[in-house]
Structure formats: structure tokens, C-alpha cells
Amino acid sequence: MLESFSKNLVNLKKEFAKTYDGKSQIQEVIPLLESELFPIPQQDLELLHQFATKNPIYYNSFEQSIEEISCIVYEGDINKYWLNSIQYGSSRAPFSPTWMMSAYVSTLFAKELGYHEVIDIGSGDGRIAFCAKVLDLESYSIEIDEMLVDLQNLLTTTLNFHPFCSDAVKFDYSSLNLLQPIFFIGGLAQMGGSELASAVIEKIDLIPDLMKNTGWVFAGTFSQKYAPDPKNEAGWGSLIEKNNLSTVRTVSLPTVWTFREPDDTPYIFANYL
């Protein structure tokens, strides 16, 4: 069911991209109603819309029917957050969000795989951690940029997804008392994500018995703009092999940066061998 869910979302994005003639820097869609193609409980959809409506990165929204699915289109601008996020020497990637629907689907996959907690590393506006909370998972967001954490705190009034303003490489993960966590790593491997993931994996490996119960999610790319990894896995193969991880599933989902691209973003789910 989740595989068809993700394919339906990719198809929705492609149809939307064909007809969208706006000039916004970023744009995305969220269905209005639960349907056969998007079997999301109505209360969950309403929470996703609340997050988008309250989020200051979006300045406009309107209703549009796409392939007979009634949706709200959200248009926004992330320039000031993008610029602020690149000022930190230890920042591995500037802020550029996945779609809200992609955040929901990817955390739904995490829940299906049996994980209890979601930790979003380089969390931006916290949408992955928020969606995990919508799905009744415990969640934490780790973000180095104070402006983005202030934005997250603005969005926690509906659900508290525990934003932390911290360098993920220095954060004390033992303080969270994790049992069966899954870590979402922000940033492509070729844009510093590999170094970030390696450092966090080292931290988790120091906590007794936790690594064997921990999952990882890496956002990859097949774009020719980036050097391929000799072990493939959309840029993450070498890191996966080096850290004795095994790929469980790869799911392609829309992101802001692939809106005009033919290929969407592959999310690689991996765990310890």
C-alpha cells in the first residue's frame, strides 16, 4: 500500500508541475480530503494543512483540482532562511525542504518498519519531526540554525516535536533515552551529508546496544550535477558499506529541489547488519 501511495504522490507532483505557471520560489500541494489514492486520515490531513498555513515560508495558497484530486497549493519563499542557514561553519547543507506530503509518507514508512522514535538531523522547519508526531511517534528535531529553530517553535503549538538548537555532531543523544530510533539525515551525501551522517553514526555507536536497533534514512540524488558514488545507492553506497549498514527500502518522493526535475528524491532506508 505504501509503495502505491508514494507512486501516486510522484504522479500528482508531475501533473501539478505540467500545469503550474506561478512564479514562486517554492511550491507544493497537499490533498484536501482522504481518498483511495491518498488514504490519509482526515485529521492527519488537517494537521498538515495547519502546519503549512502557520508556516511563514508560505505566503499564498489556493485550491486546485489535480487529476480529480482536490488540493491546496502552497507557494512560498525560503530565501532568508536559506541565506541564514549557510552562515554556520559546521552546517552541512542549506535549508531546502522536502514536500509536506513526502515528509508524511517517509515517516509512515518508518512507522511501518517498527521504529518508535524519529530524530530529524538538520531538520529545517521541522516538518519530518512534525509528521512523525502526527503519526504518534516520538520525535526530535536537531537544527543548528537559530532562526529555523525559532520557526519550529512557532509551529509546535499544535504538536510538540521537541526542537533542539544544536550542532548534531555535538549533541548528546544518550539524553533522549532512545529505544528504537530512526535518524533522518538532512542534506545530500555530496553536499556534506556523508560527513554529517558519519559523525552522528559514530555518536550512536558509542551508546551501548543502541546501534543494532537504529535505522537511518538518507536523501539521495541521481542528478548528473553530482559525482556518483562508486557503490551507488544514490550517493550513499560507500557510507552504507563502511558502517556495516544494509539498505532495507528505497522510496522516491517529491522535494522542493526536484520540482522541475524528471527524477524525484530517492530516500534510502537502512539499518545495521
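At what angle do the axes of helix α4 and helix α5 cross? In this predicted model, α4 (residues 100-112) and α5 (residues 127-134) cross at roughly 55°, and their axes come within 8 Å. That angle is why the two helices count as oblique to each other. The crossing of α4 past α5 is right-handed. On the α4 side, the contact is built from Met 100, Ala 103, Tyr 104 and Thr 107, while α5 brings in Arg 127, Ile 128, Phe 130, Cys 131, Ala 132 and Val 134. Sorted by class, that makes eight nonpolar residues, one polar and one charged.

Helix α5 also packs against α2 (residues 42-54), this time at an angle of about 155° and with the axes 10 Å apart. An angle over 145° counts as roughly antiparallel, so α2 and α5 get that label. Here too the crossing is right-handed. From α2 come Asp 44, Leu 47, Leu 48 and Phe 51, and they meet Arg 127, Phe 130, Cys 131 and Val 134 of α5. The tally for this contact is six nonpolar and two charged residues, with no polar ones.

Then there is α7, a helix of 13 residues (193-205). Quite a list of its residues is buried: Gly 193, Leu 196, Ala 197, Ser 198, Ala 199, Val 200, Ile 201 and Ile 204. Among the elements covering these buried residues are the strands β4 (117-121), β7 (181-185), β8 (215-219) and β9 (245-253), along with helix α8 (237-242).

Technical notes
Residues are numbered from 1 along each chain as its sequence is written. This is a predicted model: local features need pLDDT of at least 70, side-chain atom pairs count only at pLDDT 80 or more; totals for chains, interfaces and linings use all residues. Side-chain values use heavy atoms; hydrogens and water are left out. Helices (H or I, at least four residues) and strands (E, at least two) are DSSP runs, numbered from the N terminus. The expected span of a helix is 1.5 Å times one less than its number of residues. Buried means under 20% relative accessible area, exposed over 50%, partly exposed in between (1.4 Å probe, protein chains only). Contact means heavy atoms within 4.5 Å. Axes are lines fitted to C-alpha atoms, for helices over the stretch in contact, and angles run from 0 to 180 degrees between N-to-C directions. Angles under 35 degrees count as roughly parallel, over 145 as roughly antiparallel, 65 to 115 as roughly perpendicular and the rest as oblique. A crossing is left-handed if the near helix is turned anticlockwise from the far one by less than a right angle, and right-handed if clockwise. Ala, Val, Leu, Ile, Met, Phe, Trp, Tyr, Cys and Pro count as nonpolar, Asp, Glu, Lys and Arg as charged, and the others, Gly among them, as polar.
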